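Have a look at the fold before reading on.

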Amino acid sequence: MAEQTEKPAKFIPGQPDMWAFVLFETLIFTSYLAVYLFNRTQHPDDFLRSQAHLSLATGVFNTIILLLSSWSVARCVQAARDGAYRTALRDAYLTVLFGVIFLGVKVFEWVELTHLGFGFSYDEFFSYYYFLTAIHALHLLIGFVAMGVIIYQLRGPARRSQEFVETAATYWHTVDFLWVIIFSLLYIVR
């Protein structure tokens with residue numbers, strides 16, 4: 001019976017530098033959210049009145065879209081691990097598609113709210129709303145760059161790097177995780 005030698009699995013996928021960055025970003029977002037929550041407790045009625053103008057259905061839809069993008073990037077990582085690069089490439093494209101849908105819906109929501117008169121300077125709630133969602137959108141745009149590099153690598157056998165696929169996926173999951181927190185605080189918490 002032939003013995004198979006397997007490479008030991010790493011405890012944490014991706015590059016350690018990305019995990020340090022993820023921790024740093026999470027701490028930064030935590031401070032933003034702590035300030036938001038503190039100010040919300042100072043003016044609860046004002047925040048509730050403004051929060052009522054957000055579409056919960058839009059927020060839920062966008063959350064589902066980003067959760068689907070996390071699912072597709074996880075499938076991309078697994079397919080790349082299995083050497084199924086066509087499948088990994090398809091899932092990378094699917095991840096980008098979900099991200100584009102999310103961003104399109106978010107921009108539509110911003111435009112709609114602005115046309116209704118709820119711009120950045122309308123009140124404190126909307127200042128936080130636009131700031132938090134814009135910072136998240138900026139991180140999503142960075143995620144598109146990372147996904148573009150994954151796609152570039154997966155398309156050429158000589159360029160493939162499982163470590164980079166996992167590192168970029170870690171970043172993408174972080175962006176999705178941060179959205180779930182932002183969604184919860186802006187759309188759900190009453």
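Helices here (H or I, at least four residues) are DSSP runs, numbered from the N terminus, and strands (E, at least two) are treated likewise. This is a predicted model, so keep the cut-offs in mind: local features need pLDDT of at least 70, side-chain atom pairs count only at pLDDT 80 or more, and totals for chains, interfaces and linings use all residues. Residues are numbered from 1 along each chain as its sequence is written, and side-chain values use heavy atoms, with hydrogens and water left out.

**Starting from Ser 50**

Let's begin with Ser 50, which sits in helix α2. Is Ser 50 buried or exposed? Its relative accessibility is 3%, so Ser 50 counts as buried; the label buried means under 20% relative accessible area, exposed means over 50%, and partly exposed lies in between (1.4 Å probe, protein chains only). Setting aside neighbours within four places in sequence, Ser 50 is in contact with Tyr 122, Asp 123, Phe 125 and Phe 126. Contact means heavy atoms within 4.5 Å.

Some of those partners belong to a helix pair. On the α2 side, Phe 47, Ser 50 and Gln 51 meet Glu 124, Phe 125, Phe 126 and Tyr 128 of α5. By class, this contact of α2 with α5 has four nonpolar, two polar and one charged residues. For the classes, Ala, Val, Leu, Ile, Met, Phe, Trp, Tyr, Cys and Pro count as nonpolar, Asp, Glu, Lys and Arg as charged, and the others, Gly among them, as polar.

**How the helices cross**

Two packed helices are described by the angle between their axes and the distance between the axes. Axes are lines fitted to C-alpha atoms, for helices over the stretch in contact, and angles run from 0 to 180 degrees between N-to-C directions. Here are the helix pairs to look for:

| Helix pair | Axes come within | Crossing angle |
|---|---|---|
| α2 (residues 44-51) and α5 | 8 Å | roughly 60° |
| α4 (residues 85-115) and α5 (residues 124-155) | 10 Å | roughly 160° |
| α4 and α6 (residues 162-188) | 13 Å | roughly 30° |

To put words to the angles, those under 35 degrees count as roughly parallel, over 145 as roughly antiparallel, 65 to 115 as roughly perpendicular and the rest as oblique. That makes α4 roughly antiparallel to α5, whereas α4 and α6 are roughly parallel to each other. The pair α2 and α5 is oblique.

What about handedness? The crossing of α4 and α5 is left-handed, and α4 also passes α6 in a left-handed crossing. A crossing gets that label if the near helix is turned anticlockwise from the far one by less than a right angle, and is right-handed if clockwise.

As for side chains, the contact of α4 with α5 has 23 nonpolar, five polar and three charged residues. Where α4 faces α6, Thr 95, Gly 99, Phe 102, Lys 106 and Glu 109 in α4 meet Trp 172, Trp 179 and Tyr 187 in α6. By class, that contact has four nonpolar, two polar and two charged residues.

**Charged pairs**

Side chains of opposite charge can pair when their charged atoms come close. A salt bridge is counted when a side-chain nitrogen of Lys or Arg is within 4 Å of a carboxyl oxygen of Asp or Glu. How many salt bridges does the structure hold? There are five.

One of them pairs Arg 75 with Asp 91, with the closest N and O atoms 3.6 Å apart. This pair links distant parts of the chain, Arg 75 being in helix α3 (residues 56-81) and Asp 91 in helix α4, 16 residues apart. Asp 91 also meets Arg 90 in a salt bridge (3.2 Å, N to O). Asp 91 counts as buried at 1% relative accessibility, while Arg 75 is partly exposed at 33% and Arg 90 is partly exposed at 44%.

Another salt bridge joins Glu 166 and Arg 81, the closest N and O atoms being 2.8 Å apart. Here Glu 166 in helix α6 and Arg 81 in helix α3 are 85 residues apart. Glu 166 is buried, with a relative accessible area of 11%, and Arg 81 is partly exposed, at 45%.

**Val 165**

Helix α6 also holds Val 165, which is buried, with a relative accessible area of 2%. Leaving aside neighbours within four places in sequence, Val 165 is in contact with Cys 76, Val 77, Ala 80, Ile 150 and Leu 154. Val 165 and Ala 88 are 77 residues apart in sequence and 9.6 Å apart in space, C-alpha to C-alpha.
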